[in-house]
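Here's a quick briefing for anyone opening this structure for the first time. Have a look at the sequence and the model, then read on.

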Amino acid sequence: MSKVPLSRRPFTASAAGVGTSLMLSLLLSACGGGSGDNVGEPPAPAPAPTPTSVAVPGAPSGTFDTLGTAEFSLRYGVERYDFVWSPSAQATHYELWEDPDGPGPLPEVQAGNAITGTRHTFEISQLHQRVNATYRLRECNGTSCSFRATTLAPDALRAHFLFDRQGSSVLAPFNATAGTPVLVSADLKTLVIGAPDPVSTTTLPRPAPAVDNSAVHVFVRSAVGVAWQPQARLQASNRRAPACNNAAQDYCHSSSFGAGLALSADGNTLAVSATGETSNARGVNGDQANTDSLAAGAVYVFARTGGSWSQQAYVKASNTPARNNTWCNLSYWATQPCDGQNFGASVALSADGNLLAVGAIGDDSKSTGVNGDANDTSAVFAGAVHTYARTGSTWAPQAYLKASNTDAGDGFGTSVSLSADGSTLAVGAIFERSSATGVGGNQSDNAQSPFGAVYVFSQDRGSWSQQAYVKAPVNTVVGGTEPMSYFGGRTALSAHGETLAVGSVRGMAYVYARTQNTWQAQAHMFPAGPNVIRFGEAVGVSADGNSVVTAAQDVGSEASAFTLYFFSRTAGTWSQ
Ligand SMILES: [Ca+2]
Ligand SMILES: [Ca+2]
């Protein structure tokens, strides 16, 4: 396995172009007249005899995608804008001003004050409140202040790079500040932003709010480049007070409605997960009023007709625990098995919106394979995936999927990804512990720390089977001794389901390709330098499978600066 050290290409103007065309190509592919047209006509990726190993040098440098002039400009960061301006000899300090709705009625407010240098980083939180925001710079001396002439109107989507064909942001796992899932539809005219109520943290106002304010905000625009218009603010049909675990209300949780999102290609079908939802209902459209099963989780499907949204289904697992008194709403970082089914930990829709896959990482059944015993509870936190199919506007449970080697603690369902036609499903299980490498290895042992695994399923008219058991090609971080771990925290499938990208929390991204129903490892990408961390934690893949994007954090330069890395495939070989 030869290593291919390549010069790093941070998010430069040319890389931005790659990103844009990548997004457009995948979106165009996804919306081309329905998902079924291409079934059976997948592109045939050239198989590589051995995986390509792509080392990414870790020294941060380079230019960035920018907007504005030397007088006042910004460069797009990951969920942030880095404002830069030319110095003024008279200025003692500078102020950054934001008009959250641009030309709309909201007033301009100060977003950064008493800045003595010539740059300022603005973290984009509460995106739904600033999708049309504009920014100006004011310079001040001892007696007065004056605005500079330039007004910047950035495209917020460029700071929330959307590359996953399923629509969710490749950056979602990095979302420490805003906790904001963001999706955009295939035609780039519908924008969906999740805003789970922050009461779901342990720091809360007392008393806890009487009503869970979790919501999802939908915006539309008539064309790319014009302002977004708010279309809807969606909330759960059974919105209620946050669940508190004692009278002092020192540990309360919202439903986390909006924590997970999935969107059909045309933007008319939206699935919203609420991992903290508490009813013990089972199946579709059960009793929403029940509150007996903490952190059971639910998914709400919304449909849009003529610009008007309505809730189409209230979706629960087929085996929701009748009662659970222990709160444990698992996060991406969870390392401990715990109670709570966490249905909705991951969610995906097919391009036509007629197939829904939902991960329930707290599923306790020891069963394996397809449609096994869902009522067994002997494997705590083994995890499961439930699928649902829509006929007309009616949803029904379709399948109950488990790993081929189910064990307690595996967290099967950490991530889910569907091909456009819904015939291929990838499921991550980040705590799986076998020492197998590559595809189809020995899955029976539990000799390792949580390396993680990915399982690929395929279906024919609703009949599912597991197609591959996928592990990392190596079990250590290349060039180091640290064990690889949490493989499968993120999965992404190309439109045809023939290319699979997998992210691991610790340091690598992987690509696998399928030929004639056989999967093999095609590449793994990793940072060669010490200053890049969280590489591979998030991955996205283009519709044609020939482009992969991942993000990483540079710790050698600016604090918390994230950079995107693009890779492309030519004749089965990957390079940066
Ligand atoms: Ca305004
Ligand atoms: Ca195992």
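Met-525 is a handy place to start: this residue sits in strand β32, where strands are DSSP runs of E of at least two residues, helices are runs of H or I of at least four, and both are numbered from the N terminus. Keep in mind that this is a predicted model, in which local features need pLDDT of at least 70, side-chain atom pairs count only at pLDDT 80 or more, and totals for chains, interfaces and linings use all residues. Residues are numbered from 1 along each chain as its sequence is written, while chains are lettered from A and ligands numbered from 1 in the order in which they are written.

**Around Met-525**

- Met-525 counts as buried because it has 29 C-beta neighbours inside 10 Å. The cut-offs are 20 or more other C-beta atoms within 10 Å of a residue's own for buried, 12 or fewer for exposed, and partly exposed in between, with C-beta atoms placed from the backbone.
- In space, Met-525 lies 8.9 Å from Gln-576, C-alpha to C-alpha, although 51 residues separate the two in sequence.
- Its strand, β32 (residues 518-527), is mostly covered, with nine of the ten residues buried.

- Strand β31 (residues 509-515) pairs with β32 in the antiparallel sense over seven bridges; two strands pair if DSSP finds at least two bridges between them.
- Val-511 has Ala-523 as its bridge partner in β32.
- Two residues separate β31 and β32 in this hairpin, and Gln-516 in the turn has a positive phi of about 50°.
- Ala-513 lies in strand β31. It counts as buried because it has 24 C-beta neighbours inside 10 Å.
- Ala-513 and Leu-493 are 20 residues apart in sequence, and their C-alpha atoms are 9.9 Å apart in space.

- Strand β19 (residues 298-305) and strand β20 (residues 308-315) are joined by seven bridges in antiparallel pairing.
- The partner of Val-301 across this pairing is Ala-313 in β20.
- Here too, two residues lie between the strands of the hairpin, and Gly-306 in the turn has a positive phi of about 55°.

- One open sheet has four strands in the order β11-β12-β13-β14, with antiparallel pairing. Its edge strands, β11 (182-184) and β14 (229-234), each pair on one side only.
- From one strand to the next, the twist in that sheet averages 20°; axes are lines fitted to C-alpha atoms (for helices, over the stretch in contact), and angles run from 0 to 180 degrees between N-to-C directions.
- Within it, strand β13 (residues 215-220) runs antiparallel to β14, and five bridges join them. His-217 has Arg-233 in β14 as its bridge partner.
- A further open sheet of four strands has the order β21-β22-β23-β24, again with antiparallel pairing. At its edges are β21 (343-349) and β24 (394-401), each pairing on one side only, and the twist averages 25° from one strand to the next.
- Five bridges link β21 with strand β22 (residues 355-360) in the antiparallel sense, and Leu-349 is partnered by Leu-356 in β22.

**Cores**

- The largest nonpolar core has 131 residues, and those with the most contacts inside it are Ala-271, Val-272, Val-315, Val-427 and Ala-501. Such a core is a set of buried Ala, Val, Leu, Ile, Met, Phe, Trp, Tyr and Cys residues joined through C-beta atoms within 7 Å.
- Domain 1 (80-156) and domain 2 (160-575) both give residues to this core, so it lies between them; the domain bounds come from an automatic or database domain assignment.
- Leaving aside neighbours within four places in sequence, Val-315 is in contact with residues including Val-284, Leu-356, Tyr-388 and Trp-395; contact means that C-beta atoms, placed from the backbone, lie within 7 Å.
- A second, separate core has six residues, among them Ala-186, Ala-265, Ala-351 and Ala-495.

- The chain has one helix and 37 strands, and buried residues make up 51% of its 576 residues.
- The average pLDDT is 81, and 78% of the residues score at least 70; pLDDT is the predictor's confidence in each residue, from 0 to 100.
- Over residues 58-63 the pLDDT is below 50, and it stays under 50 over residues 329-337.
- Where pLDDT is low, the predicted coordinates should not be read in detail.

Technical notes: Two residues are in contact if their C-beta atoms, placed from the backbone, lie within 7 Å.
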